[in-house]
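This report describes a single protein chain through its aromatic pairs, its helix contacts, its sheet and its backbone geometry. The sequence and the structure follow, and the description begins directly after them.

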Amino acid sequence: MAEKEDVFSSFEETIGARSVTDPWLRTGNGQPNFEPDYELLQQLMAIPIAAGSDSATGRLAKAIDAWVAHELRRARFDPDEVWPRLTRPRVLTRELVEFIKGLPKAEQEQAWRRVASNTKAAPSSADVLGRAYFKQVDVLVAHWSRGPELLISTKSMVSSFGNNRKNRFEEAYGDAKNLRGRYPLLSMGFLFVVRSTIPASGLELTIDMMRKLQAEQDIYDSTALVLVEWSDDDGRPVRVRNDLVPEDLQAGRFLGALIGRLLERTPISIHVPVREAREGRHIELDE
């Protein structure tokens, strides 16, 4: 399609070149553990950082969103139910995609162009109505008949740690209350990416904040802290520092918990491929 490129376009090639591997590892007791592709996150974040784009431009945040969406596709959610989609339009219902793919080949290209130019059919962002107001969400699994099912809010903090931490906490808490009020069964998480230059005291306060955001039943099902290191001077690559993050706040446990909550809250006939991958078995059901 010939429409103007969006921010996510700069990440498509890197994601497309990455093998979609099984993220589930099973322990001795058979419990599945989600293993994120941190190397891909490092590669994606390096793109806006190398271009000199800081968090204020939004490009760093989009890199994080693109990575989270890819992790959900690795978990075998239908690619057209995970927003942002890998390709444009970034928000488009699975049913409409299936309709277009069912058209004769000669009509498909024109249909894609018309859909892409229609902001009601293919909006540039996913806006979800909460209890009190609409919220533009970062990463979403949604279906026309079931509505929003899994939602991940992502934020980043690379400077001005004191003021930004307080603002992020207030935003995260308010957004969770708003969305949970309308969707009590929604599997909802908050992922916070922080630069490793944060002072030790600030890191302690951030860890405490993240734990409090998942302590109440009516806000987030799970939260995650990703600490990322890079240098502005010597060109060292971006590096995820899991060694500095408590296990209960790491992204693998976070994604595994959110997917588990979603599967618990839906019938076994829904998201069958996700269940099969997570449980390591074939399920005799057609979704």
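## Aromatic pairs

Counting ring pairs whose centres lie within 6.5 Å, the total comes to five aromatic pairs in this model, which is a predicted one. One of the pairs is formed by Trp24 and Phe34, whose ring centres are 5.1 Å apart and whose planes stand at 90°, an edge-to-face arrangement. Because Trp24 belongs to strand β1 (residues 24–26) and Phe34 to strand β2 (residues 32–34), this pair ties together parts of the chain that are 10 residues apart in sequence.

## Helix α3 and its contacts

Helix α2 (residues 38–50) and helix α3 (residues 59–74) have axes that come within 8 Å of each other and cross at roughly 155°. Since angles over 145 degrees count as roughly antiparallel, α2 is therefore roughly antiparallel to α3. The crossing in which α2 passes α3 is right-handed. On the α2 side the contact consists of Tyr38, Leu40, Leu41, Leu44, Met45, Pro48 and Ile49, and these meet Arg59, Leu60, Ala63, Ala66, Trp67 and His70 of α3. Divided by class, the residues of this contact are 11 nonpolar, one polar and one charged.

Helix α3 also meets helix α1 (residues 9–16), and here the axes come within 10 Å and cross at roughly 35°. The crossing of α1 and α3 is again right-handed. The contact of α1 with α3 holds four nonpolar, two polar and three charged residues.

## Helices α8 and α9

Helix α8 (residues 251–264) packs against helix α9 (residues 272–279) at an angle of about 125°, and the two axes are 11 Å apart. The two helices are therefore oblique to each other, and the crossing of α8 and α9 is left-handed. Ile259, Gly260 and Leu263 of α8 make this contact together with Val274, Arg275 and Arg278 of α9. By class, the contact of α8 with α9 is made up of three nonpolar, one polar and two charged residues.

## The six-stranded sheet

Six strands form an open sheet with mixed pairing, in the order β3-β6-β7-β8-β9-β10. The edges are taken by β3 (82–83) and β10 (239–240), each of which has a single partner strand, so that one side of each is left without a neighbour in the sheet. At the β3 end, the pairing with strand β6 (residues 139–143) is antiparallel and runs over two bridges. Within this pairing, Trp83 stands opposite Leu140 in β6.

## Backbone geometry

Trp83 is also joined to Pro84 by a cis peptide bond, with omega at about 5°. Pro84 itself is placed in the loop between β3 and α4 (94–101). A further cis peptide bond joins Arg88 and Pro89, where omega is about -5°, and Pro89 likewise has its place in the loop between β3 and α4.

Arg76, which is found in the loop between α3 and β3, has a phi near 80°, a positive value in a residue other than glycine.

Terms used
Residues are numbered from 1 along each chain as its sequence is written. This is a predicted model: local features need pLDDT of at least 70, side-chain atom pairs count only at pLDDT 80 or more; totals for chains, interfaces and linings use all residues. Side-chain values use heavy atoms; hydrogens and water are left out. Axes are lines fitted to C-alpha atoms, for helices over the stretch in contact, and angles run from 0 to 180 degrees between N-to-C directions. Helices (H or I, at least four residues) and strands (E, at least two) are DSSP runs, numbered from the N terminus. Angles under 35 degrees count as roughly parallel, over 145 as roughly antiparallel, 65 to 115 as roughly perpendicular and the rest as oblique. A crossing is left-handed if the near helix is turned anticlockwise from the far one by less than a right angle, and right-handed if clockwise. Contact means heavy atoms within 4.5 Å. Ala, Val, Leu, Ile, Met, Phe, Trp, Tyr, Cys and Pro count as nonpolar, Asp, Glu, Lys and Arg as charged, and the others, Gly among them, as polar. Two strands pair if DSSP finds at least two bridges between them. Rings of Phe, Tyr and Trp (its six-membered ring) pair if their centres lie within 6.5 Å; planes under 30 degrees apart count as stacked, over 60 as edge-to-face and the rest as tilted.
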